[in-house]
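Hi,

Here is the two-chain model you were waiting for. Have a look at it first, and then read on for what turned up.

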Amino acid sequence: MAGADMTLLAIDDISKNFGKHQALCDISLAIESGEFVSLLGPSGCGKTTLLRLIAGFLRADRGTISIAGEDVTGLPPHRRPLNTVFQNYALFPHLTVADNVAYGPRRTGAGKAEASRRAQEALDLVGLGEFGDRYPRQMSGGQQQRVALARAIVNRPKLLLLDEPLSALDLQLRKRMQIELKQLQEKIGIAFVFVTHDQEEAMAMSDRIAVMNAGRIEQVGTGAEIYRRPATRFVAEFIGEASLLPVQRTGNGALTIVPAVEASGRSVAVLRPEHAQIFAGQADASTSCNLLSMEGHVETVASIGGVTNIYVRALGHLVHARRLGLVESGLREGQKVVLGIDPQNLHLLEGPQP
Amino acid sequence: MAIRFLIRVLAIMTLAYLMLPLIVIIGASLTTSEFLAFPPQGLTLRWYEVVVLDPTYVDSFVTSAILAMLATLVAVALAVPAALAIARHDFPGKAAFSSLLLSPLVLPHLVLGAALLQFGSSIGLVRNFSALLVGHVVIVTPFVLRTVLPLLSREQQTLEEASRDLGADAFTTFFLVTLPQIRSGIISGAIFAFITSFINVELSIFNTTASLNTIPVQLFNYVQYSVDPTIAAVSAATILAAVVAIIVLDLTVGLDFLSENE
């Protein structure tokens, strides 16, 4: 099965329990060569457990994992063709940076000279060619992060697992490393499985994102797909911001929004804040045709610099709208307004939602 | 400032309190008198000559040294795998198991010695070197376990995972990653183990004989009947041996690890 469909990592129907706690349930996921896939979810959703199963540090209760067509489910970690960047880097404190990076090649059969040549190459790649003689504790967090990366790619694995590798860095450095990491990944062509709880990070870097919750994968897709067309209520609320509005169809098939008091058991429409338009009066709203409109009043106006968040109470729902820039005059708290929504911008979650 | 000064004075006084008995014993060992005297009355190495020429002292000294060394080696060989099992795995009775291994630290050695004698006599393990060794291993193993266990932290385990991830099997990982990480714990535990074994009287006394004796038991027996400078000479020689051991240790592996920071 290998080769033809380019599937590098195939996870089939994996389940894992810790005692009575079900950590993973029926997980299936296929990752292609050279692909950057993020496992995204809140803490405790099972994303790290899944990573540790792929690496071989844990054994699945059920299901199989294969890499490049070879079933690795029963293989110990050191015999799996992949490498890992650990959350706190896990650099060997008793070895120099060069020896840390040369550790991999040495264990997989390279001679001393060959190993140090490859270590130097990997260190050059992450811009730390001059630091081989140092010990990890003599380096900054960002530098340690790069050493960990160099150590993980020195064996040129087909698959690299990264367990929240940027979470220990401060915001500025993290943003820079996101870009560097993505560039490096494209340059060396290794498939990345990247665990994170930071959706912005996942969106910025990944080809595809697997959103996880409570031991299950809720949706797999590109950042745009999961943002525009979330498959479940969880994804809609976890990715970006959204107002969830209960809806029903009228006789002619058009959507109408149901008041909050009659919400239970309805389908739900996902409304992103940038798609909620605010008009001062009914007349303004009717000028644009085909808009769903709701009367309401402004509850909160919160400006956070680049954008202004406006919360409007309408039909009992609190609807989140957003405008770029500082809000101009005319929007005060308590003011009556009309919300206009283009039905094309609504994404529908069909069937009764909890 | 005043507080700093007080702390300094207190530290010096504490050190003096610890050092003075050693100075007294070394001083008394050099006296020319027939009884223990400090300050020494005249200087002589006569009492050392008595000790060195008396084969019972030399034999006990050798017995104690070999016993302490073997007990320490066996303790390390037992405590390291035990610590790994306790730190890395969950198994039924784990808490009871580790308490059991640490219990000799709080059990009176006299009680332990009596119990071991009872048990040993039922299987023929009494009044020989093996009986001594078994007892000493029991009381010194907890020292190594205590110093190694805290080093097997979650972070340390991640290092082992990193090693496995980079292609090393479990065996290689132990020698290249685990052992260097717990080395300081093994060495400091071994020092405590060695000293504890070397100075033990309560446990050894049950299994020593006229021809098989350890140095502390020999001294203990001797002082019951006479107190002369021989005792001081043996003690001083023991102190000297300890000092030499510490210096050698510092020159070979370094004693930095005994302080908290690296």
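Four strands of chain A make an open sheet in the order β2-β1-β4-β5, with antiparallel pairing; strands here are DSSP E runs of at least two residues, helices are H or I runs of at least four, both numbered from the N terminus, and two strands pair if DSSP finds at least two bridges between them. At the edges stand β2 and β5 (70–71) of chain A, each with a single partner strand, so one side of each has no neighbour in the sheet. Strand β1 (residues 7–18) of chain A is joined to β2(A) by eight bridges, and the two run antiparallel. One of the bridge pairs is A:Phe18 with A:His21, the latter in β2(A).

Before going further, please keep in mind that this is a predicted model: local features need pLDDT of at least 70 and side-chain atom pairs count only at pLDDT 80 or more, while totals for chains, interfaces and linings use all residues. Residues are numbered from 1 along each chain as its sequence is written, chains are lettered from A and ligands numbered from 1 in the order in which they are written, and side-chain values use heavy atoms, with hydrogens and water left out.

Back to that sheet. Helix α1 (residues 47–55) of chain A lies across β1, β2 and β4 of chain A and runs at about 120° to β1(A) (axes are lines fitted to C-alpha atoms, for helices over the stretch in contact, and angles run from 0 to 180 degrees between N-to-C directions; contact means heavy atoms within 4.5 Å). A salt bridge links A:Asp26 and A:Arg62, whose closest N and O atoms are 3.5 Å apart; the term stands for a side-chain nitrogen of Lys or Arg within 4 Å of a carboxyl oxygen of Asp or Glu. This pair connects distant parts of the chain, with A:Asp26 in strand β2 (residues 21–32) and A:Arg62 in strand β4 (residues 62–67) of chain A, 36 residues apart. In the loop between β4 and β5 of chain A you will find A:Ala68, which has a positive phi of about 50° although it is not a glycine. Most residues other than glycine have a negative phi, and most peptide bonds are trans.

Chain A is split into domain 1 (7–236) and domain 2 (241–349), with bounds from an automatic or database domain assignment. Their C-alpha centres lie 40 Å apart, and the contact takes nine residues from domain 1 and eight residues from domain 2. Between them the two domains bury about 710 Å², 54% of it on carbon and sulfur atoms; buried area is the accessible area (1.4 Å probe) that two parts lose on being put together, summed over both. On the domain 1 side, A:Tyr227, A:Arg233 and A:Ala236 supply 70% of the area buried against domain 2, more than any other three residues. The number of salt bridges between these two domains is zero.

There is another open sheet of four strands in chain A, ordered β12-β11-β13-β19 with antiparallel pairing. Its edge strands are β12 (255–257) and β19 (347–349), each pairing on one side only. Neighbouring strands of this sheet are turned by 45° against each other on average, direction ignored. Five bridges join strand β11 (residues 243–249) to strand β13 (residues 267–271) of chain A, and A:Leu244 has A:Val270 as its bridge partner in β13(A).

Now for chain B, which has 10 helices and zero strands. Its C-alpha atoms fill a box of roughly 70 × 65 × 30 Å, taken along the principal axes. The UniProt annotation "domain: ABC transmembrane type-1", from an unreviewed entry, covers residues 61–252 of chain B; positions are given in the numbering used here, feature names are shortened, and annotations may be inferred rather than shown by experiment. Over residues 61–252 chain B is 77% helix and 0% strand, with the end C-alpha atoms 24 Å apart. A cis peptide bond joins B:Phe38 and B:Pro39, with omega about -5°, and B:Pro39 sits in the loop between α1 (2–28) and α2 (46–53) of chain B.

How do the chains meet? 19 residues of chain B are in contact with 21 residues of chain A, and about 1,700 Å² is buried between the chains, with 60% from carbon and sulfur atoms. One salt bridge is found across this interface: A:Arg52 pairs with B:Glu161, the closest N and O atoms being 2.7 Å apart.

Best wishes
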